[in-house]
Structure formats: C-alpha cells, structure tokens
Amino acid sequence: DLVDEHDVVLADFYADWCGPCQMLEPVVAAVAADTEAAVVKVDIDAHRDLAGQYRVQGVPTMVLFSDGEPAERLVGVQSQEDLMALVERY
C-alpha cells in the first residue's frame, strides 16, 4: 500500500537475528528522518511472502521503489550518504 501511496519508497528487508541489519538500523532511521521519501522496514521472518515476491535472498536488502515500481536494489550495509544519494536521485 505504501508503494502505491508514495512516489519514492525505500524498503529495508531485515531480520532481527541479522547482525548487519542491526548495524544498518540507525542509518535507515537517519535517512527516514532526513528525507520526504517513505521508509519502511520489512521483517523477512514475519513477511516471507513479501520477501519472496521481491526475491530477497540475503539481508539486509533494500529496494527503492519509484512510481510504484522497484527501481534499485542494494544488498548489505550501506552508508547514510549513499542511501541519501540514492533516494535523492528519484
């Protein structure tokens, strides 16, 4: 629903047991606070259907949606600067 409601959505597919996901959490929170894009966290254990739909094979995986369609995919820990630059391109 968020993808349909917002022009740009950054989805962070994560798992509670994932160390790199825990490292990325404050970065994602900072990006959410500094951008007008919608930022959503998707627990792959609770939402296996969504993880499968977007072919998430490892976490953390981030999918940037633009105009309702997946536009970019990043796997692994990212810097705040890189994520902000990605969001700003769309």
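Asp 67 is exposed, with a relative accessible area of 62% (exposed means over 50%, buried under 20%, partly exposed in between; 1.4 Å probe, protein chains only). Asp 67 sits in the loop between strand 3 and strand 4, the latter spanning residues 69-75. Its phi is positive, about 50 degrees, although Asp 67 is not a glycine.

The model is predicted, so local features need pLDDT of at least 70 and side-chain atom pairs pLDDT 80 or more, while totals for chains, interfaces and linings use all residues. Numbering starts from 1 along each chain as its sequence is written, and side-chain values use heavy atoms, with hydrogens and water left out.

The protein chain contains 4 helices and 4 strands (DSSP runs numbered from the N terminus; helices are H or I with at least four residues, strands E with at least two). Their order from the N terminus is α-β-α-β-α-β-β-α. The radius of gyration of the protein chain is 12 Å, which agrees with the value near 12 Å for a compact globule of 90 residues (taken over C-alpha atoms; the rule is 2.2 Å times the number of residues to the power 0.38). Along the principal axes, the C-alpha atoms fill a box of roughly 30 × 25 × 15 Å. Of the 90 residues, 41% count as buried. The protein chain exposes about 5,300 Å² (Shrake-Rupley method, 1.4 Å probe; for residues, only the protein chains shown count as cover). Carbon and sulfur atoms supply 46% of that area.

Aromatic rings come next. Rings of Phe, Tyr and Trp (its six-membered ring) pair if their centres lie within 6.5 Å; planes under 30 degrees apart are stacked, over 60 edge-to-face, the rest tilted. By this rule there are 2 aromatic pairs. Phe 13 and Tyr 54 form a tilted pair, 6.2 Å centre to centre, with 50 degrees between the planes. This pair links distant parts of the chain, 41 residues apart. Phe 13 belongs to strand 1 (residues 8-14), and Tyr 54 to the loop between helix 3 (48-53) and strand 3 (61-66). Phe 13 is buried, at 2% relative accessibility. Tyr 54 also pairs with Phe 65, edge-to-face, at 5.2 Å centre to centre and 85 degrees between the planes. Tyr 54 lies in the loop and Phe 65 in strand 3, so this pair ties together parts 11 residues apart in sequence. Phe 65 is buried, at 4% relative accessibility. Elsewhere, Lys 41 lies over the face of Tyr 14, 4.3 Å from the ring centre (the cut-offs are NZ of Lys or CZ of Arg within 6 Å of the ring centre and within 35 degrees of the ring normal).

Nonpolar cores (buried Ala, Val, Leu, Ile, Met, Phe, Trp, Tyr and Cys joined through side-chain atoms within 4.5 Å) include one of 16 residues, the largest. Phe 13, Ile 44, Val 56, Val 59 and Phe 65 have the most contacts inside it. Strand 1, strand 2 (38-43) and strand 3 each supply at least two residues of this core. Strand 1 gives the largest share, 4 residues. Another core lies apart from it, with 13 residues, among them Val 28, Val 31, Leu 64 and Leu 83.

Val 59 touches Phe 13, Tyr 14, Ala 15, Trp 17, Cys 18, Cys 21 and Ile 44, leaving aside neighbours within four places in sequence. A cis peptide bond joins Val 59 to Pro 60, with omega about 0 degrees. Pro 60 lies in the loop between helix 3 and strand 3. The loop between helix 3 and strand 3 also holds Arg 55. Arg 55 has a positive phi of about 50 degrees although it is not a glycine. Arg 55 is exposed, with a relative accessible area of 65%. Most residues other than glycine have a negative phi, and most peptide bonds are trans.

Met 84 is placed in helix 4 (residues 80-89). Met 84 is buried, at a relative accessible area of 13%. Not counting residues up to four places away in sequence, Met 84 touches Val 31, Asp 34 and Thr 35. The C-alpha atoms of Met 84 and Asp 34 are separated by 8.2 Å, although the two residues are 50 residues apart along the chain.

How values were computed:
Contact = heavy atoms within 4.5 Å.
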